[in-house]
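Biologist: I am new to this structure. Please show me how to read its features.
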Amino acid sequence: MELKETHPASTETATFGGGCFWCVETIFQDIKGVLRVESGYMGGHTLNPTYREVCSGTSGHAEVVQITFDPQVVSFRTLADVFFTVHDPTTLNRQGNDVGTQYRSVIFYHNAEQQTAAEAAKTQAAELWDKPVVTEIASAQAFYKAEAYHQNYYKDNPYQPYCMVVVAPKVKKFRASYQHLLV
């Protein structure tokens with residue numbers, strides 16, 4: 001997704017993995033203050049992994065979205081709070097029918113303040129769920145941007161069956177719950 005604003009005073013980066021990046025990407029694209037959302041891979045041991053390698057589970061990477069945002073408009077903590085409500089953070093290495101370490105719930109923090117905010121958001125999220133929250137919180141590593149066809153996937157492919165059955169209901173629920181954050 002291209003930058004929505006070209007001259008914010010400063011920007012920050014947030015990186016979240018919450019299952020398939022197509023779902024997570026489209027949620028964050030709709031939030032005021034989010035300038036760019038890129039789907040990609042982080043947290044593995046293979047250099048420049050491909051989608052096929054990540055899906056095989058052999059690269060160790062998670063599917064993630066890397067978000068560039070204006071902290072004067074939306075805070076990292078707000079983004080983390082949204083993250084904990086738009087996927088199931090209680091399932092280890094799984095989101096729905098997507099199974100494997102590449103679908104793990106993870107927040108990769110980029111500084112100490114984000115680490116503290118992520119831990120606080122996780123603690124608060126635990127109050128919302130009946131099962132323990134298993135989201136990993138780890139230091140950011142190399143980010144590998146996913147192949148071009150994965151970028152802006154839902155908006156470019158709204159009638160693809162996975163998008164209609166899995167992504168669209170999550171987007172609808174998010175938009176109903178977070179109207180105050182929408183662009």
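Biologist: Which strands does helix 1 lie across?

Modeller: Terms come before the case. Helices (H or I, at least four residues) and strands (E, at least two) are DSSP runs, numbered from the N terminus. Contact means heavy atoms within 4.5 Å. Axes are lines fitted to C-alpha atoms, for helices over the stretch in contact, and angles run from 0 to 180 degrees between N-to-C directions. Here, helix 1 (residues 21-29) lies across strand 1, strand 2 (34-42) and strand 3. Helix 1 runs at about 165° to strand 2. Helix 4 (residues 112-126) lies across strand 1, strand 3, strand 6 (105-109) and strand 7. Its angle to strand 6 is about 155°.

Biologist: What kind of model is this?

Modeller: This is a predicted model: local features need pLDDT of at least 70, side-chain atom pairs count only at pLDDT 80 or more, and totals for chains, interfaces and linings use all residues. Residues are numbered from 1 along each chain as its sequence is written, and side-chain values use heavy atoms, with hydrogens and water left out.

Biologist: In what order do the strands of the sheet stand?

Modeller: Two strands pair if DSSP finds at least two bridges between them. In this model six strands form an open sheet, ordered 7-6-1-3-2-8, with mixed pairing. Strand 7 (136-139) and strand 8 (144-145) are at the edges with a single partner strand each, so one side of each has no neighbour in the sheet.

Biologist: How many bridges join strand 2 to strand 3?

Modeller: Eight, and the two strands run antiparallel. Val34 stands opposite Phe69 in strand 3. Strand 1 (residues 12-18) and strand 3 (residues 62-69) also pair in the antiparallel sense, over five bridges. There, Glu12 stands opposite Phe69, and Thr15 has Gln66 as its bridge partner.

Biologist: Which residues of strand 3 lie on each side?

Modeller: In a regular strand the side chains alternate between the two faces of the sheet. In strand 3, Ala62, Val64, Gln66 and Thr68 lie on one side, and Glu63, Val65, Ile67 and Phe69 on the other. Both faces are covered, and all of these residues are buried (under 20% relative accessible area; exposed is over 50%, partly exposed in between; 1.4 Å probe, protein chains only).

Biologist: How much of the protein is buried?

Modeller: Buried residues make up 47% of the 183 residues. The protein has six helices and eight strands. Its C-alpha trace spans about 40 × 35 × 30 Å along the principal axes.
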